[in-house]
Amino acid sequence: MGFYDDRVLPHLIERTCGMAALTPLRARACAPLSGRMIEIGFGSGLNVGVYPPTLTEVAAVEPSAVGWSMATDRVATSTVPIERAGLDGQRLEFDDDSFDAALTTFTLCTIPDVRAALGELRRVLRPDGQLAFLEHGSAPDARVRRWQRRLEPIQKRVAGGCHLTRDVRAELTAAGFALGPVDAFYQPGVPKPFGALSLGTARPA
């Protein structure tokens, strides 16, 4: 990583993705999860405070040492045991069928090879396991999608490779997941090209 991505970007993500308005959405995303969970793109631990009591342990995958350091207090005070468990969501160092649950929040937009990451999550999830997600991506409206295409090159430069145009539901389906209920909406108070959100669950097909 360069200086910007390594030292500056984690603080930018903390400010933009740590907005109080997102906390209820994070709680909704986490609510269905139970048992042993893997979270890719753990970042500074913005989901820790809304983990449900049904979780027994969390394996946190996070490439940024600065992001992980910023999570220190949240990890220390978590009611669910959390361990850093890898740096790369595209190559998980776990056996097949290792987890009851998986979580991604504002992560799939940035991973370079999203199909590889989702394939790895499908591999390490048990057949009856559940993936929960809260992601931004391709908007439902054509006019907004045109703006997303225009803005994406800038977004990728300033936000660590973040894509505005990824179709989260299509990527999940292509990776072999069966979608559960998905709520697609625009985040209030955020320009639509940046605030097209999808919140839902999926299971290995």
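This is a predicted model: local features need pLDDT of at least 70, side-chain atom pairs count only at pLDDT 80 or more; totals for chains, interfaces and linings use all residues.

Biologist: How many salt bridges does a search of the whole structure find?

Modeller: The search finds eight salt bridges. One of them joins Glu 57 and Arg 36, whose closest N and O atoms are 3.6 Å apart. This pair links distant parts of the chain, since Glu 57 belongs to strand β2 (residues 55-61) and Arg 36 to strand β1 (residues 35-40), 21 residues apart.

Biologist: What is the relative accessibility of Glu 57?

Modeller: Glu 57 has 36% relative accessibility and counts as partly exposed. Arg 36 is partly exposed too, with a relative accessible area of 26%.

Biologist: Which residue does Arg 91 meet in a salt bridge?

Modeller: The side chain of Arg 91 meets that of Asp 88, at 2.6 Å from N to O. Arg 91 counts as exposed, at 59% relative accessibility.

Biologist: And how far apart are the closest N and O atoms of Glu 120 and Arg 123?

Modeller: They are 2.9 Å apart, and the two residues form a salt bridge. Glu 120 and Arg 123 are separated by about one helical turn because they are three residues apart in helix α5 (residues 114-124). Salt bridges that share partners also join Asp 96, Glu 120 and Arg 123 into one network.

Biologist: Is Glu 120 buried or exposed?

Modeller: Glu 120 is buried, because its relative accessible area of 14% is under the 20% limit. Arg 123, at 24%, is partly exposed.

Biologist: What does Glu 152 touch, apart from residues up to four places away in sequence?

Modeller: Glu 152 touches Cys 162, His 163, Leu 164 and Thr 165.

Biologist: Turning to the surface, which residues gather in the patch of positive charge?

Modeller: The patch consists of Arg 143, Arg 146, Arg 149, Arg 150 and Lys 192. Of these, Arg 150 is located in helix α6 and is partly exposed, with a relative accessible area of 48%.

Biologist: Which residues make the nonpolar surface patch?

Modeller: Phe 3, Tyr 4, Val 8, Leu 12, Ile 154 and Val 158 make this patch of about 520 Å². Helix α1 contributes the largest share, four residues. Leu 12 lies in α1 and is partly exposed, at 34% relative accessible area.

Note on methods:
Residues are numbered from 1 along each chain as its sequence is written. Side-chain values use heavy atoms; hydrogens and water are left out. Contact means heavy atoms within 4.5 Å. Patches are made of residues with over 30% relative accessible area and no salt bridge: like charges are joined within 9 Å, nonpolar side chains (Val, Leu, Ile, Met, Phe, Trp, Tyr) within 5 Å. Accessible areas come from the Shrake-Rupley method with a 1.4 Å probe; for residues, only the protein chains shown count as cover. A salt bridge is a side-chain nitrogen of Lys or Arg within 4 Å of a carboxyl oxygen of Asp or Glu. Lys and Arg count as positive and Asp and Glu as negative; His and the chain ends are not counted. The place of a charge is taken as NZ of Lys, CZ of Arg, CG of Asp or CD of Glu. Helices (H or I, at least four residues) and strands (E, at least two) are DSSP runs, numbered from the N terminus. Buried means under 20% relative accessible area, exposed over 50%, partly exposed in between (1.4 Å probe, protein chains only).
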